[in-house]
Amino acid sequence: MFFDNSVPSYPFYLFHSEMGENQTSVTEFILLGFCLDPGIQMLLFGLFSLFYAFTLLGNGLILGLIWLDSRLHTPMYFFLSHLAIVDIAYACNTVPRMLVNLLKPDQSISFAGCMTQTFLFLTFALTECLLLVVMSYDRYVAICHPLRYSVIMSWTGCIILVVTSWACGSLLALVHVVLILRLPFCGPHEINHFFCEILSVLKLACADTWLNQVVIFTASVFILVGPLCLVLVSYTRILLAILRIQSGEGRRKAFSTCSSHLCVVGLFFGSAIVMYMAPKSRHPEEQQKILFLFYSFFNPMLNPMIYSLRNAEVKGALRRVLYKENHS
């Protein structure tokens, strides 16, 4: 893409006369969203609204059940509650503006709002990567070292793991945003995406973004490839332990649970790795938007069903809550 560095006439540019040359800075961006026919956009609006409602209801239900039922006050559900919080925040950060954009394309967003959305998106995405590792480690200890589970996964240790996940996600997101803020944005002002995704924002900078790209790739190695390897190691050990189960029914249920978990993990990490580590020339911008839908939209909707709602303990908690409501 070639940028025109001449002074534009748009009202959302601020001119800095104190600078020696005619340089401008963007105060607003335009989110182009999906470049589709109006009829298809209305169809997507209805479909995505339904998915968004399922995401909020599913994760909200998990949070409510964990809060109300004392039998779910265990390390596994403690981690699941934070995953549900991340998924709700994830969806609320990007989906509402995307839905508005489907109804009224080319929505504007302030520069500060765009940077805030980028920071929150990265924070929730990075935190979820680390939480998935923590959850896989929790299952590994529970299945492979059941006698030492209460010692290894103490409440103090669980809190430290969760706080570390949130802190690392927030700090790394802050690093990315600070590196963006040092760049000049002098036009064009159109982001070819449905939210302020970091790669799409960097394309609008009129300066060298080499350092940003290096930091993104390095962070991807440590936050995507590294955690994915740890998750795969944990589930490999779990599967080996499952093979030693004598009961055929128990083995079948355990395989079913692990395979569904691995499908969600593979979808999340796989699409993210393709986006941030594969050569960009192989993925047109419209294809990138679809990939982002998988790990920023569909994944938060699938997590409650895969990790919790299929669980016998969660189903039991739901029955107990409904029974109390009926008798009250």
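Let's start with the annotation: an unreviewed UniProt entry places the feature "transmembrane region" at residues 42-68, 77-99, 119-137, 149-175, 210-233, 254-278 and 290-309. UniProt positions follow the numbering used here, feature names are shortened, and annotations may be inferred rather than shown by experiment. What you have above is a predicted model, where local features need pLDDT of at least 70, side-chain atom pairs count only at pLDDT 80 or more, and totals for chains, interfaces and linings use all residues. Residues are numbered from 1 along each chain as its sequence is written, and side-chain values use heavy atoms, with hydrogens and water left out.

Residues 77-99 are 100% helix and 0% strand, with end C-alpha atoms 31 Å apart. For residues 119-137, also 100% helix and 0% strand, the end C-alpha atoms lie 27 Å apart. Helices (H or I, at least four residues) and strands (E, at least two) are DSSP runs, numbered from the N terminus.

## The largest cavity

The structure holds 3 cavities of 30 Å³ or more, and the largest has about 200 Å³ of space. Of its 17 lining residues, Leu-122, Leu-126, Ser-220, Leu-224 and Tyr-276 are the closest to its centre. A cavity is a set of points, on a 1 Å grid over the protein atoms alone, where a 1.4 Å probe fits but cannot get out; lining residues have an atom within 4 Å of a point. Grid points are joined across faces, edges and corners, and a volume is the space filled by probe spheres set on the points.

Helices H3 (111-144), H5 (155-181), H7 (210-243) and H8 (248-277) each supply at least two residues of this lining. By class, the lining of the largest cavity has 15 nonpolar, 2 polar and no charged residues. Here Ala, Val, Leu, Ile, Met, Phe, Trp, Tyr, Cys and Pro count as nonpolar, Asp, Glu, Lys and Arg as charged, and the others, Gly among them, as polar.

## The second largest cavity

The second largest cavity has a volume of about 50 Å³. Its lining includes Asn-59, Asp-87, Asn-303 and Tyr-307, and counts 6 nonpolar, 3 polar and 1 charged residues.

## A buried aspartate

Asp-69 sits in the loop between H1 and H2. With a relative accessible area of 7%, Asp-69 is buried (under 20%; exposed is over 50%, partly exposed in between, with a 1.4 Å probe and protein chains only). Leaving aside neighbours within four places in sequence, Asp-69 is in contact (heavy atoms within 4.5 Å) with Ala-317 and Arg-320.

Notes
1 Å grid on protein atoms, 1.4 Å probe; cavity = no way out; pocket = protein on both sides within 12 Å on 5 of 7 lines; lining within 4 Å.
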